[in-house]
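Subject: Structure handover

Hi,

Here is the structure I promised you. Please open it alongside this note; my findings follow below.

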Amino acid sequence: VALDLAGHGESGMGRQAWTIEAFGGDVAAVVEELGLDRVVLVGHSMGGNVILEAARRLPGRVDGLVWIDAHRQLGSALTPEEIAATIAPFRAEFAETTRSFVRGMFPPGADESLVERVAADMSSAPPAVALSAGASELAYGGRVAATLRELNLPIVSISAEYPPPDVESLERHGVEVVVMPGVGHFPMLENPRRFNAVLRLSLIHI
């Protein structure tokens, strides 16, 4: 089951809160609506935090979690001032800052047409949604380690090789790390065949 979070893809804009908590509620609502008793939740990038929040709302129904390049390391939380400073360039000039940021998420030699397609797509997102979601994601990052302990679920991180993840940091918090060589932040687009094979193995392992 794949879903577009509110404000993303073909989902609507009829809400006020664009937060990890609200998105996690979306995922939990889909699981409830479909009557799914046992699920493995898979989340890419910001979706890694979203599935943590969803799992909190679905006690006893989640068998495991799969992150797709969601966290390269786990450590201390950002202060509100640091979060504001990180978001400030996007708030000042959303489209161009986002395009530049996205281009940097691909390794050298990546397919230029793919890079430009993803950059164009992300930079055309509604700024209000993106800025609120981005700030919420950064704030939620400080809760990830505690949430992992609370959930105590098997979790696999399919991490991109570029830039390299801090494997020791992730494993210290119970995350099993699988590094995909030769890809950046969008492995499912950069090398879909290899990514699908890695994902299948991760699901079998859980």
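One definition before the findings: a residue is buried under 20% relative accessible area, exposed over 50%, and partly exposed in between. Keep in mind that this is a predicted model.

**The overall picture**

The protein has ten helices and four strands. Along the sequence they run α-β-α-β-α-α-α-α-α-β-α-β-α-α. The C-alpha trace spans about 45 × 40 × 35 Å along its principal axes. Buried residues account for 41% of the 206 residues. The exposed surface comes to about 10,700 Å², with carbon and sulfur atoms supplying 54% of it. Take the contacts between residues at least 6 apart in sequence: 65% of these join residues at least 24 apart.

**Helix α2**

Start with α2, residues 47–56. Nine of its ten residues are buried, so the rest of the structure largely encloses this helix. The buried ones are G47, G48, N49, V50, I51, L52, E53, A54 and A55. What covers them? The cover includes helices α1, α6 and α7 (144–151), along with strands β1 (39–44) and β2 (62–68).

**Two helix pairs**

Two packed helices are described by the angle between their axes and the distance between the axes. Here are two pairs to look at.

On the α1 side, the contact uses I20, E21 and F23; on the α6 side, it uses A133, S136, E137 and Y140. By type, the residues of this contact are four nonpolar, one polar and two charged.

The second pair is α3 (residues 80–92) with α4 (residues 94–103). Their axes come within 5 Å and cross at roughly 120°. That makes α3 oblique to α4. P89, F90 and A92 of α3 meet F94, T97, T98 and F101 of α4. This contact has five nonpolar residues, two polar and no charged ones.

**Backbone details in the loops**

- S45 sits in the loop between β1 and α2. Its phi is positive, about 55°, although S45 is not a glycine. Buried or partly exposed? The relative accessibility is 21%, so S45 counts as partly exposed.
- N152 lies in the loop between α7 and β3. Its phi is also positive, near 50°, in a residue other than glycine. N152 is exposed, with a relative accessible area of 67%.
- P163 is in the loop between β3 (155–160) and α8 (167–172). The peptide bond from Y162 to P163 is cis, with omega near -15°.

**Where to look first**

Go to α2 and its cover, which includes β1 and β2. Then compare the α1 and α6 contact, with two charged residues, and the α3 and α4 contact, with no charged residues. Finish at the cis bond from Y162 to P163.

Best wishes

Notes. Residues numbered from 1 in each chain as written. Predicted model: local features only at pLDDT ≥ 70, side-chain atom pairs only at ≥ 80, totals over all residues. Heavy atoms only, no water. Axes fitted to C-alpha atoms, helices over the stretch in contact; angles between N-to-C directions. Helix = DSSP H or I, 4+ residues; strand = E, 2+ residues; numbered from the N terminus. Parallel < 35°, antiparallel > 145°, perpendicular 65-115°, else oblique. Contact = heavy atoms within 4.5 Å. Nonpolar A, V, L, I, M, F, W, Y, C, P; charged D, E, K, R; others polar. Buried < 20%, exposed > 50% of the residue type's maximum accessible area, 1.4 Å probe, protein only. Areas by Shrake-Rupley, 256 points an atom, 1.4 Å probe, with all protein chains shown as cover.
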